[in-house]
Amino acid sequence: MTVLKRYVLRLFMSIKYITANVVDRNNGRIVTTASTVEHAIKNSLECGRTCNAKAAAIVGEVLAMRLKVEGLQDGQGRGIHADVKKEIEKKGFKSRTKVWAVINSLRNNGVTLILDDDDDDDHDDYRDRSYEGHR
C-alpha cells in the first residue's frame with residue numbers, strides 16, 4: 001500500500017538544537033536530515049546556548065540543498081507534506097517563528113511543500129494551505 005503523503009517534514013526543537021527530517025512514509029526511513037547538532041552547521045552559527053529563527057532558516061536551507069542532491073525537492077512530483085499547525089502545537093507557541101523560518105527557507109530554496117490541515121492518510125480530500133501571511 002502506498003501512502004498518499006509519502007514524504008513528510010518532521011521538526012524537532014529544543015532550546016539548544018533544531019533538527020529537520022524528511023521521512024519516506026512508504027518504508028519509514030529518513031530520506032535526509034539537517035540539524036544544528038552537526039559541526040558544519042553549529043560552527044557557522046552564533047547561537048550560544050539557544051537556537052533562534054536564523055538558525056532554523058539555515059537548517060531549512062541545508063535541508064533544501066540535501067533534498068536537491070537526492071533529487072527529492074519536489075517529493076517525486078507529489079510534494080513534501082508539512083503540517084505546520086501540528087508542528088507549532090507540538091513545539092509550543094513560542095517556537096512558531098522557528099517553524100515558519102524552516103518552512104519559508106525550504107520554499108525559498110525551491111522545495112515543493114504542501115501544507116496540510118490534518119494527518120489522515122486514508123482520505124483523499126485533504127486541503128493544501130497557503131503559507132502567505134504567516135511570516
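Which residues of helix α3 (residues 84-91) are buried? They are V84, E87, I88 and K91, where buried means under 20% relative accessible area with a 1.4 Å probe and protein chains only, and exposed means over 50%. The model is predicted, so local features need pLDDT of at least 70 and side-chain atom pairs count only at pLDDT 80 or more, while totals for chains, interfaces and linings use all residues. Residues are numbered from 1 along each chain as its sequence is written, and side-chain values use heavy atoms, with hydrogens and water left out.

**The chain overall**
- The chain holds four helices and six strands, in the order β-β-β-α-α-β-α-α-β-β from the N terminus, with helices (H or I, at least four residues) and strands (E, at least two) taken as DSSP runs.
- Of its 135 residues, 44% count as buried.
- Of the contacts (heavy atoms within 4.5 Å) between residues at least 6 apart in sequence, 58% join residues at least 24 apart.

**Helix α3**
- Seen down the axis of α3, the buried residues fall within an arc of 95°, so they line one face of the helix; the arc is that of the directions from the helix axis to the C-beta atoms.
- An α-helix has 3.6 residues a turn, so residues three or four places apart point the same way.
- On the face turned away from the buried side, α3 carries the exposed residues K85 and E89.

- Just after α3, G92 adopts a positive phi of about 100°.
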